[in-house]
Amino acid sequence: MNYNFSTIIIGAGLTGLSTAALLQKKQKDYFLLEKNTTIGGKIGSSNVDGWPIDHGFHVFIKEYPNLSLFPDLKQCKLINFEPGFIIIKNQKAYKNVNIFKKFFDGLLYNHFPGFSLKDKFLILKLSLMPPKNLPKNDSVLDFLSEYGFSKEFINDFFVNFFEGVFLDKKLDVPLWYFLFIFKMFSISDVGLPVGGIQEIISIISKRIPESKIKTGVSISEIYKNKIITNEGNEYHFKKLVCTDSSLEKKFDVAIRRNLFDEIYYNSTKCFYFIVKPENNQENIIHLLPQSKTISNLYFRRKNNKEMLMSVSTLNSEATIEDIKKQILEHFPKINIIKFYRSFEIKKALPRNKKFFNFNNENFCKYNENIFFAGDFLSSPSVNGCLESSKSLVRFLS
Ligand SMILES: Cc1cc2nc3c(=O)[nH]c(=O)nc-3n(C[C@H](O)[C@H](O)[C@H](O)COP(=O)(O)OP(=O)(O)OC[C@H]3O[C@@H](n4cnc5c(N)ncnc54)[C@H](O)[C@@H]3O)c2cc1C
């Protein structure tokens, strides 16, 4: 079969869906194709026994500037994480809470022996007065060290907290992006939608008529003016938007530029267990700087008898047994009832710095009529996807 559309979008992840929703608002002709049978791409939740279980550890940051593109995202009801974190060291839990509901201010009032007064002062300074001129050396860890933070503070707080955000222990992201995310955590409510992170996808996709999306269709070949699907159908386009860097490999040699060969991804695994509530504190991020395997974890109460424990790791080799062993090392009194689910996301976050904020445009004009958009050209976040879609749709209109 042959089809014709003005614009074809490949990929119904957040970028493809928000691009479609923005084109819909402008009453443009478009069609969206997705290889999976469900939409959402990397953002997904499953409903298990009435609980929304996210596919990987996500947080929703209410102050992301680009949420204003879809105002009902801002209205999304969250189960907030407590502003702060618990640090587990030598089997003791130290809570660091922000008394003004400003994340980092709370460090002033915490009693964790590892954080010095100077560290607490510097973190306040960094959240209230971020540097205007960034140093040429783009390394986040060098910046933090030159800023004056102690080694212990960098390791126990910065590395431990942000490795769970960037999925990288080296925090090897552009400094501007680190400072942006740092600011978001310091000013914003951070939580998870009541129905799981998938709610973001539901909110955006309800703007797109069902007739404009087809799932379960994998694109196998891409030419100058048409694409061919695994079913052998041809879709002809005037403009094509690709939202996954790997699609470049499907390009006909006559148009392929090999621009994205160097895009690599960080991976992560997330394990869910059911535990007895006992003394575990719910809805606050726990950091375990002494654990080689666990990046972070949190608890969420289901009822008086059961709590869900979400545990994330960057170690792709980690097994359920490894994780259990580590949990018991750090929480000797914990009562694990059962293992629930795990998710491995191999291609989680793009990590090549040179593609962030690509050409200051956040999307790529690949040739006259083919475009790439997505987190890998902007920044690996919900905000980055929305930025990329917004910039591209503005350009296309
Ligand atoms: C575990 C994890 C945790 C995260 N946590 C956060 C967080 O806390 N806060 C935050 O802001 N961001 C977070 N992110 C980042 C955010 O989720 C991603 O940036 C975003 O989901 C990427 O969306 P995308 O549409 O650009 O890419 P994808 O979601 O990868 O979408 C691309 C789509 O293209 C489709 N596709 C690929 N090839 C083909 C083909 N040949 N034919 C048809 N379709 C194809 C894919 O199936 C996919 O659906 C997290 C990401 C992960 C993985």
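The domain bounds used in these legends come from an automatic or database domain assignment.

**Figure 1. Division of the predicted model into three domains.** The model is predicted, and its protein chain is divided into domain 1 (2-43 + 197-262 + 351-396), domain 2 (47-64 + 265-350) and domain 3 (97-188). Between the centres of domain 1 and domain 3, taken over C-alpha atoms, the separation is 34 Å. Four residues from domain 1 and five residues from domain 3 make up the contact between these two domains. On the side of domain 1 that touches domain 3, one residue is nonpolar, one is polar and two are charged.

**Figure 2. The shell around the ligand.** The ligand is surrounded by 36 residues, and the closest are Gly11, Gly13, Gly41, Gly56 and Ser381. Two or more residues of the shell are given by each of the elements α1 (14-25), β18 (336-350) and α9 (382-396). Helix α9 supplies the largest share, four residues. By residue class, the shell holds 15 nonpolar, 16 polar and five charged residues. Because domain 1 and domain 2 both give residues to this shell, the ligand lies between them.

**Figure 3. Helix α3 and its buried face.** Helix α3 covers residues 117-128, and its twelve residues should span 16 Å at 1.5 Å a residue; the end C-alpha atoms are 17 Å apart, which agrees. The buried residues of this helix are Asp119, Ile123 and Leu126. Seen down the axis of α3, the buried residues fall within an arc of 65°, so they line one face of the helix. These buried residues pack against α4 (140-147) and α5 (151-166). The face of α3 turned away from the buried side carries the exposed residues Leu117, Lys118 and Leu128.

**Figure 4. The loop between β7 and β8.** Asn90 is found in the loop between β7 (84-89) and β8 (92-97), and Gln91 is found in the loop between these two strands as well. Most residues other than glycine have a negative phi. Asn90, although not a glycine, has a positive phi of about 50°.

Figure 5. Leaving aside residues up to four places away in sequence, Gln91 touches His330 and Pro332. Gln91 and Gln290 are 199 residues apart in sequence, while their C-alpha atoms are 9.7 Å apart in space.

**Figure 6. Glu278 in the loop between β14 and β15.** Glu278 is found in the loop that lies between β14 (265-275) and β15 (285-287). The phi of Glu278 is positive, at about 40°, although this residue is not a glycine. Glu278 counts as exposed because it has 11 C-beta neighbours inside 10 Å.

Note on methods
Residues numbered from 1 in each chain as written. Predicted model: local features only at pLDDT ≥ 70, side-chain atom pairs only at ≥ 80, totals over all residues. Near = placed C-beta within 6 Å. Nonpolar A, V, L, I, M, F, W, Y, C, P; charged D, E, K, R; others polar. Contact = placed C-beta atoms within 7 Å. Buried ≥ 20, exposed ≤ 12 C-beta atoms within 10 Å, placed from the backbone. Expected span 1.5 Å × (residues − 1). Arc of directions from axis to C-beta.
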